[in-house]
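Visitor: I would like to go through this model with you, topic by topic. Could we begin once it is on the screen?

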Amino acid sequence: IVAIKGLGGFQLALDASNEAAVARLRARKFRHGKPLALMVRDVEMVAKIAVMNDSEKALLQSWQAPILLLEKCNVELAPSIASGQNRLGIMLPNSPLHHILLRAINRPIVLTSGNISDEPQVIDNGEALEKLAGIADLWLLHDREIVNRIDDSVVQLIDKTPQILRRARGYAPAPLVLHDEFKHLPSILAMGADIKNTFCLLDQGRAIVSQHMGDMQNPQTQRDFHHNLQLYHQIYDFTPQRVAVDMHPNYFSTRLGQAQVEKRAQADGAEIVQVQHHHAHIAAVMAEHKMPPDAPAVLGVVLDGLGYGADATIWGGEFLLADFSEYKRLAHFMPIPLLGGDKANQQPWRNLLAHLYVAKLPLPDFPNKPVDMMVQMIDKDINSPKASSAGRLFDAVAAILDICFEQQKFEGEAAMHLQALAEKCQEEEGFYPVEIGAVLQWEGLWSGILADLNKGTSREIIASRFHNSLVRVIAKTAKNLAQHHNIKTIVLSGGVFQNSLLLLRVKKMLESSSLKVLVPCLFPLNDGGISLGQAAIAARKNLTN
């Protein structure tokens with residue numbers, strides 16, 4: 001395992017065909033299960049390990065040189081590089097150093113961030129020798145200072161259109177020119193969310209979104225955020241008139257934004273604007289597609305893990321009527337208790353138990369689990385906040401198929417495996433009934449899944465039928481609401497829509513009804529795009545009302 005000093009931070013490299021080396025890396029780095037990116041010498045070598053069309057080939061060879069998600073072939077790579085996945089993350093050399101190294105290596109290499117999992121990449125030689133001592137066997141150092149820490153960008157191709165999942169090297173901080181009418185609105189600093197964090201500077205009709213920084217609960221990431229914020233203020237000579245933050249009172253980014261306002265209020269009177277999480281998701285897509293500040297309302301469908309709702313509950317499966325000024329919640333997924341609060345985000349069995357109990361269906365065997373105590377928690381409303389989370393629905397379905405039943409090793413692991421299963425059975429047309437209304441009910445879905453399991457139906461077919469069911473209910477609900485409110489434009493966003501199977505099918509079903517469907521391409525569907533939406537809303541907001 002070699003630590004290499006790259007453009008935006010240290011990277012860890014090893015032979016991608018050596019399973020023992022990959023296992024050793026995972027153990028030393030505490031990165032269990034999460035897919036590892038590959039670097040390959042040229043597109044000819046890519047073609048030996050992945051399926052690649054002309055559009056994907058051009059994207060790989062672009063000067064941005066992102067990590068591109070490609071369908072993998074049956075090749076002799078270490079199995080645990082992307083265990084249980086149908087796709088590989090592949091990039092070509094992106095610096096002179098990498099070009100020189102890869103010329104001498106006639107095989108793919110694993111190339112992943114030089115850090116302990118969840119911490120930012122190491123950027124300093126001395127820090128690398130110290131912090132990576134328990135991971136790397138060898139170091140390749142040089143004396144070029146890394147001023148701006150930056151990760152590799154991650155992209156997938158959806159319907160021949162690139163979609164950025166992590167916006168960093170090669171893409172950030174390229175400005176987005178908004179609709180002309182934004183030029184006359186106040187300058188904004190938007191602080192983003194707490195996971196997959198970015199911040200945004202909006203001034204004179206240009207939005208400058210920072211590179212991906214990651215989980216703001218990590219003290220190292222918080223320091224990185226402070227450093228980058230100061231750096232961007234200096235580079236762009238920027239003084240905001242308003243600071244936009246998420247409504248969640250406990251987000252680090254929200255507290256930091258409030259501190260920024262208190263600091264600036266004494267000097268230049270900056271004001272704070274609180275923005276609802278899912279409203280920001282929708283506004284980010286509207287801004288990217290150059291809609292004017294006074295654009296008519298769209299119907300936004302936002303599916304994610306969680307966001308703080310206007311009613312102080314947890315939202316995550318939302319249908320909102322929204323423009324840049326305001327929003328109205330029209331429909332949402334059935335709120336289900338999160339057993340143990342945050343623990344439900346890591347342990348899918350908790351979501352399965354809660355879903356089945358709420359649906360009043362028989363509970364299967366939960367070996368060595370305190371089922372009676374969990375049921376009492378729901379009944380007495382103890383440490384089990386209700387959430388309309390689409391992400392937790394995926395976790396629950398994964399758990400009943402014995403995918404990550406006990407624990408997710410990384411965010412989205414269960415959902416990724418569930419998608420991979422469904423992709424093996426894409427010709428399946430079956431689906432489960434779901435009650436459509438202002439609150440989407442899941443009893444029919446769970447009854448159908450349990451019946452299929454009792455009949456011995458394969459996990460691949462059940463996973464496919466689940467996706468089919470979700471596509472149908474999302475598209476039908478959106479079409480009904482659009483018709484009722486005379487809406488012609490639908491926005492799709494939120495981290496759950498990173499599932500390309502779900503996104504493409506919902507998009508095509510809506511477009512078949514002559515609806516215009518907007519999805520983000522230049523900025524992430526996930527919380528990496530939140531800061532752009534916050535900035536656009538705060539710029540448009542009339543604070544005197």
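Guide: The conversation below takes up pockets, cavities, a helix pair and some individual residues. Please keep in mind that this is a predicted model.

Visitor: Understood. What is the volume of the second largest pocket?
Guide: The volume of the second largest pocket is about 590 Å³. Its lining comprises 20 residues, and those closest to the pocket centre are Glu56, Glu71, Arg87, Leu157 and Ser500.

Visitor: Which element gives the most to that lining?
Guide: Helix α16 does, with five residues. At least two residues each come from α3 (54–60), β4 (67–71), β8 (154–158) and α16 (500–511).

Visitor: And how many charged residues are in the lining of the second largest pocket?
Guide: Eight of the lining residues are charged, alongside seven nonpolar and five polar ones.

Visitor: Which residues line the largest cavity?
Guide: The lining consists of Gly6, Leu7, Gly8, Gly9, Gln11, Asn94, Gln121, Ile150, Asp151, Asp152 and Arg169. By class, six of these residues are polar, three are charged and two are nonpolar.

Visitor: Let us change topic to helix packing. At what angle do α13 and α15 pack?
Guide: Helix α13 (residues 413–423) packs against helix α15 (residues 459–484) at an angle of about 105°, and the two axes are 7 Å apart. Because angles of 65 to 115 degrees count as roughly perpendicular, α13 is described as roughly perpendicular to α15.

Visitor: Which residues meet there?
Guide: From α13, the residues are Leu418, Gln419, Leu421 and Ala422; they meet Arg459, Glu460, Ala463, Ser464, Phe466 and His467 of α15. The contact of α13 with α15 has five nonpolar, three polar and two charged residues.

Visitor: I also have some backbone questions. Where is the cis peptide bond that has omega of about 5°?
Guide: That cis bond joins Ala172 and Pro173. Pro173 belongs to the loop between β9 (161–166) and β10 (176–177).

Visitor: What is phi for Gln204?
Guide: Phi of Gln204 is near 55°, which is a positive value in a residue other than glycine. Gln204 is located in the loop between β12 (200–203) and β13 (206–209).

Visitor: Is Gln204 buried or exposed?
Guide: Gln204 counts as exposed because its relative accessibility is 59%, and the cut-off for exposed is over 50%.

Visitor: What about Asn368: what is its phi?
Guide: Asn368 also is a residue other than glycine with a positive phi, near 60°. Asn368 sits in the loop between α10 (348–358) and α11 (371–379). With a relative accessible area of 80%, Asn368 is exposed.

Visitor: One last residue. Where is Gln441 found, and is Gln441 buried or exposed?
Guide: Gln441 lies in the loop between β21 (439–440) and α14 (443–455). Its relative accessibility is 19%, so Gln441 counts as buried, the cut-off being under 20%.

Visitor: Which residues is Gln441 in contact with, leaving aside neighbours within four places in sequence?
Guide: With those neighbours left aside, Gln441 is in contact with Met334, Val434 and Glu435.

Definitions and conventions. Residues numbered from 1 in each chain as written. Predicted model: local features only at pLDDT ≥ 70, side-chain atom pairs only at ≥ 80, totals over all residues. Heavy atoms only, no water. 1 Å grid on protein atoms, 1.4 Å probe; cavity = no way out; pocket = protein on both sides within 12 Å on 5 of 7 lines; lining within 4 Å. Points joined across faces, edges and corners; volume = space filled by probe spheres on them. Helix = DSSP H or I, 4+ residues; strand = E, 2+ residues; numbered from the N terminus. Nonpolar A, V, L, I, M, F, W, Y, C, P; charged D, E, K, R; others polar. Buried < 20%, exposed > 50% of the residue type's maximum accessible area, 1.4 Å probe, protein only. Contact = heavy atoms within 4.5 Å. Axes fitted to C-alpha atoms, helices over the stretch in contact; angles between N-to-C directions. Parallel < 35°, antiparallel > 145°, perpendicular 65-115°, else oblique.
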